[in-house]
Structure formats: structure tokens, C-alpha cells
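Dear colleague,

Please find below the structure that I am handing over to you, with its sequence.

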Amino acid sequence: MNYRLFSMSLILLVCGCATTQQMDAIETAADQQLFQGLDSNTRFSLTFPGTHSGAYEAVDHLNFTLDNGTSKQKNVSAVLVKPRKTGRWEVLTILVKENGQWVNLPKTNTNTK
């Protein structure tokens, strides 16, 4: 019983630390007005359990290196999402490291279905 309590406490502590850092990142983005609708006056709070789970069933990232193309041999990170509606992984955004800076690759206007 003590082992379970200790394990659950440890898991909550680790999750809580990550959540605190994530909240700090959101507050910093708001203070710097990086996104429309968020500014230094923005206040938010988390609820446990969450009152909504967002538009996606899952969000993840994948790091890789391109072997050819215009960004050959550059480090790349992709943010992937799994919408509830389709249940299939989709690429939300791709970042390429250019001259020491992470640059967001703009999406093309072509739609392939």
C-alpha cells in the first residue's frame, strides 16, 4: 500500500512540475503578446480533471534529419496531432533549424487528398 501511495505521489509530483513549467511558458507567451487574444492581462487556470480535452485525441512531436531536398542534412522537428474526428496522425507544423534558429516551414497552398 505504501509503495502505491509513494508511486502515485511521485507521478503527480513529476507531472505537476511539467505542468508548472508549461503554465510559465503560456504566461511568458501572453506577456510577450506572441498570440492574438493573449496579453499581459490574460489569466487562466487549469482544472483537474480537465473540463475539455481539446480538438485532438493526442499531440506528439518527432525529431529527424532530412536526407535530401532544400533542407538537406538539417535538423527538423514535426508537431503531430491526431484529430478525434479522423483518428489518424497529421502534421500540424514543421520546424527546421536554420543558422542556429528554429524556423517554421510555411504550409503550401496545395491540397492533396
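In this predicted model, four strands form an open sheet in the order 1-2-3-4, and their pairing is antiparallel. Strand 1 (56–65) and strand 4 are the edge strands, each of which pairs on one side only. On average, neighbouring strands of the sheet are turned by 25 degrees against each other, direction ignored.

Besides the four strands, the chain has one helix. Along the sequence, these elements follow the pattern α-β-β-β-β.

Two of the pairings may be described in more detail. Six bridges link strand 2 (residues 75–83) with strand 3 in the antiparallel sense; Val81 has Glu90 in strand 3 as its bridge partner. Strand 3 (residues 90–98) is in turn joined to strand 4 (residues 101–104) by four bridges, and these two strands also run antiparallel. Here Val96 is partnered by Val103 in strand 4. The hairpin of strand 3 and strand 4 has two residues between the strands, and Asn99 in this hairpin takes a positive phi near 50 degrees.

Some values for the whole chain complete the account. The chain has 113 residues, of which 11% count as buried. It exposes about 9,900 Å², and carbon and sulfur atoms supply 56% of that area. Of the contacts between residues at least 6 apart in sequence, 24% join residues at least 24 apart.

With kind regards

Technical notes:
Residues are numbered from 1 along each chain as its sequence is written. This is a predicted model: local features need pLDDT of at least 70, side-chain atom pairs count only at pLDDT 80 or more; totals for chains, interfaces and linings use all residues. Side-chain values use heavy atoms; hydrogens and water are left out. Two strands pair if DSSP finds at least two bridges between them. Buried means under 20% relative accessible area, exposed over 50%, partly exposed in between (1.4 Å probe, protein chains only). Contact means heavy atoms within 4.5 Å. Accessible areas come from the Shrake-Rupley method with a 1.4 Å probe; for residues, only the protein chains shown count as cover. Axes are lines fitted to C-alpha atoms, for helices over the stretch in contact, and angles run from 0 to 180 degrees between N-to-C directions.
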